[in-house]
Amino acid sequence: MQVLKVRNTLISTPLWDIIIKLKSELRNGKLREVKRQGEKNIRVTCPHHGNGKEANADCDVYIGESIQDKVEYGTVKCFACEFKSDFIHFVAECFDSSIAFAEDWLITNFGDSEVEYFEELKPLTLNEPIKPYLDESIISTFEDFHPYMLKRKLTKEVCKQFELKYDPKTECIVFPVRDETGKLWMLTRRSVVNKTFIIDPGKEKPVYLLYYLKKHNITEAYVCESQFNALTCWTHGLPGIALFGTGADHQYEILNKSGIRVFNLLFDGDSAGDNGIAKFKANIRKDIRVNVIKVPRGKDVNDLTYNEFENLITNSLNNNCIL
């Protein structure tokens with residue numbers, strides 16, 4: 001019989017039973033699918049990529065007992081993102097918590113007996129899990145400026161402040177996108193040739209520039225659909241953030257926990273923007289204030305001249321048009 005070793009405690013409960021209980025306690029949508037995959041594996045939805053909400057179950061938890069097998073009991077491997085870990089790290093990933101929390105949870109719920117000593121398990125040598133963050137040095141490989149930035153009404157100061165770059169190899173403006181902790185999560189691109197917007201489909205979208213507001217304890221934000229629109233707000237001295245559209249469920253979860261107390265919506269003046277406003281109001285906590293600033297029909301804030309933008313904000317405030 002295989003056993004799991006957690007600190008100085010042995011756990012003989014089958015991993016299937018542990019995973020079923022784990023799934024029942026999760027409130028974050030992870031482990032959407034759990035099924036047996038032959039005699040040696042349990043297949044689950046990977047908790048590591050896609051925030052655990054991928055449609056397909058591509059991740060195996062190894063439960064085989066044959067000593068001929070080269071993979072350690074409880075090893076977890078995702079065939080989609082190549083995430084690999086031991087079972088304790090897997091539990092921590094599912095709970096979005098620490099290793100210590102995972103160990104406490106396993107021991108409290110399934111601990112059989114304590115042993116005086118056993119050799120501490122060494123980290124898996126298969127491969128290190130793929131790190132989701134990018135190397136900061138990649139930003140320095142691009143050029144600092146392209147005239148298209150000014151064409152989009154962005155000042156050089158704002159471009160420098162938020163690290164906008166130009167990649168001559170792809171002829172694209174490069175936007176470093178950081179998560180709410182400030183770590184470099186991904187790069188998005190806008191072609192200066194055909195205006196195509198390029199974003200990594202394999203990564204969840206954070207809230208663009210939210211990290212900066214949190215870093216500086218700013219509690220009021222101007223919410224836009226696009227990165228250019230958020231940066232336009234900053235050229236007017238207003239703290240803009242962007243949702244890469246009208247917002248996904250995980251982005252609203254981030255916003256609800258962000259500490260922002262007032263959201264001023266500057267969604268595009270079209271039907272998609274109207275729907276986005278309704279969606280935003282429905283998903284933000286009721287104790288947080290949401291104001292709607294009506295952008296002229298058929299336009300977004302980056303389409304407005306400097307004076308038009310200033311007048312939009314001023315008139316909305318003076319005439320109590322923020323709803």
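Me: Which residues in H3 do residues of H2 meet?
Reply: In this predicted model, local features need pLDDT of at least 70 and side-chain atom pairs count only at pLDDT 80 or more, while totals for chains, interfaces and linings use all residues. Residues are numbered from 1 along each chain as its sequence is written, and side-chain values use heavy atoms, with hydrogens and water left out. Taking contact as heavy atoms within 4.5 Å and helices as DSSP runs of H or I with at least four residues, numbered from the N terminus, Phe 87, Ile 88, His 89, Val 91, Ala 92 and Phe 95 in H2 meet Ile 99, Phe 101, Ala 102, Glu 103, Trp 105 and Leu 106.

Me: At what angle do the axes of H2 and H3 cross?
Reply: Axes here are lines fitted to C-alpha atoms over the stretch in contact, with angles from 0 to 180 degrees between N-to-C directions. The axes of H2 and H3 (residues 99-110) come within 8 Å and cross at roughly 105°. That makes H2, relative to H3, roughly perpendicular (65 to 115 degrees), the crossing angle being roughly 105°.

Me: How many residues of H2 are buried?
Reply: Buried means under 20% relative accessible area with a 1.4 Å probe, protein chains only. The buried residues of H2 are Phe 87, Ile 88, Phe 90, Val 91, Ala 92, Cys 94 and Phe 95. Helix H2 (residues 87-95) is thus mostly covered, with the buried count among its nine residues being seven.

Me: Which residue follows H2 with a positive phi?
Reply: At the start of H2, a side-chain oxygen of Asp 86 reaches to within 3.3 Å of the backbone nitrogen of Ile 88. After H2, phi is positive, near 55°, at Asp 96.

Methods
Buried < 20%, exposed > 50% of the residue type's maximum accessible area, 1.4 Å probe, protein only. Helix = DSSP H or I, 4+ residues; strand = E, 2+ residues; numbered from the N terminus. Polar contact = N/O pair within 3.5 Å; in protein donor to acceptor, adjacent residues only side chain to side chain. Parallel < 35°, antiparallel > 145°, perpendicular 65-115°, else oblique.
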